[in-house]
Amino acid sequence: MVAGNWKMNGNIELAKQMMDTLNGANLTDVDVLVCPPFPFISAFNSLKGAIGGQNLSEFDSGAHTGEVSGSMLKSVGCDFVLVGHSERRTDNGESDKLVAEKVSVALKHGLTPVLCVGEPESVRDSGEFFNHIQAQIEAVINVIGIDDFDNIVVAYEPVWAIGTGKTASPLQAQEVHAFIREYLRKLNADIANGLRILYGGSVKAANANELFSQPDVDGGLIGGASLDPQEFLNICLAAKG
Ligand code: PEP
């Protein structure tokens, strides 16, 4: 699976170009997901692929100016939603607890959450990154249990690699992906084995193949490179194998 996160970038023309590029390619063997900013979601209505939001409210409706609910995303054609992206954790102070609540709300509305986890550089340097990532996932298990992980995608995104051009090496990515799968395997082996774990952090067409060929890397969550239709298509083709 390859997911594109436009963050707060792009415009309606780019949405049209992206859709034409992806729809004109043979991507039958790869699940493609595009997560544009909310105003451009409807422009992707005829995408041969899935559409996702970049965030959702923990509330269902009401006096929450500026928020977008899970049912609203669903009603405009989203099947996925990013939850707990590091930029939301940092810019909006989203805690592990709030992220877990949002995962639960997404599931309630029939959206597949793409749960983003990953350590900042200081935690990588301290060597405590496995504990950090485990705590982020554990917070979600505490709210929804393990069984609903068969409706979740996990994205490992080391914060030090997001938008920095500093990609985790394929072995660093594999090490963490295997750790996540092994941790979940102790709770439910079938769910752990079937779980899609994406890698995110400065993925480009030039490094996608090597990252995606790691045994526990099931695709990528792409930020900057998802804004260039041809580059994003090439990453999707790399996931095709
Ligand atoms: C992201 O925004 O999730 C991301 C991984 O960004 P980039 O690919 O630009 O590092």
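This is a predicted model: local features need pLDDT of at least 70, side-chain atom pairs count only at pLDDT 80 or more; totals for chains, interfaces and linings use all residues.
The space taken by the ligand is the second largest pocket. By pocket I mean an open set of points, on a 1 Å grid over the protein atoms alone, where a 1.4 Å probe fits, with protein on both sides within 12 Å along at least five of seven lines.

Residues are numbered from 1 along each chain as its sequence is written, and side-chain values use heavy atoms, leaving out hydrogens and water.

So, who is around the ligand? There are 14 residues, with K7, E157, G163, S202 and G224 the closest; to be near, a residue needs a heavy atom within 4 Å. This shell has four nonpolar, eight polar and two charged residues, with Gly counted as polar and Asp, Glu, Lys and Arg as charged.

Now the polar contacts, meaning pairs of N or O atoms within 3.5 Å. K7 brings a polar side-chain atom to 2.8 Å from a ligand oxygen. G224 uses a backbone N or O atom, also 2.8 Å from an oxygen of the ligand.

Let's look at K7 again. Its place is the loop between β1 (2–5) and α1, and its phi is positive, about 50°, although K7 is not a glycine. S202, in the loop between β7 and α9 (205–212), has a positive phi near 55°. Helices (H or I, at least four residues) and strands (E, at least two) are DSSP runs, numbered from the N terminus.

Finally, there are 12 salt bridges, each a side-chain nitrogen of Lys or Arg within 4 Å of a carboxyl oxygen of Asp or Glu. One of them joins D31 and R196, with the closest N and O atoms 2.7 Å apart.

Key
A polar contact is a pair of N or O atoms within 3.5 Å; within protein, one must be able to donate a hydrogen and the other to accept it, and residues adjacent in sequence count only if both atoms are side-chain atoms. On a 1 Å grid over the protein atoms alone, a cavity is a set of points where a 1.4 Å probe fits but cannot get out, and a pocket is an open set with protein on both sides within 12 Å along at least five of seven lines; lining residues have an atom within 4 Å of a point. A molecule sits in a cavity or pocket if more than half of its atoms lie within 2 Å of its grid points.
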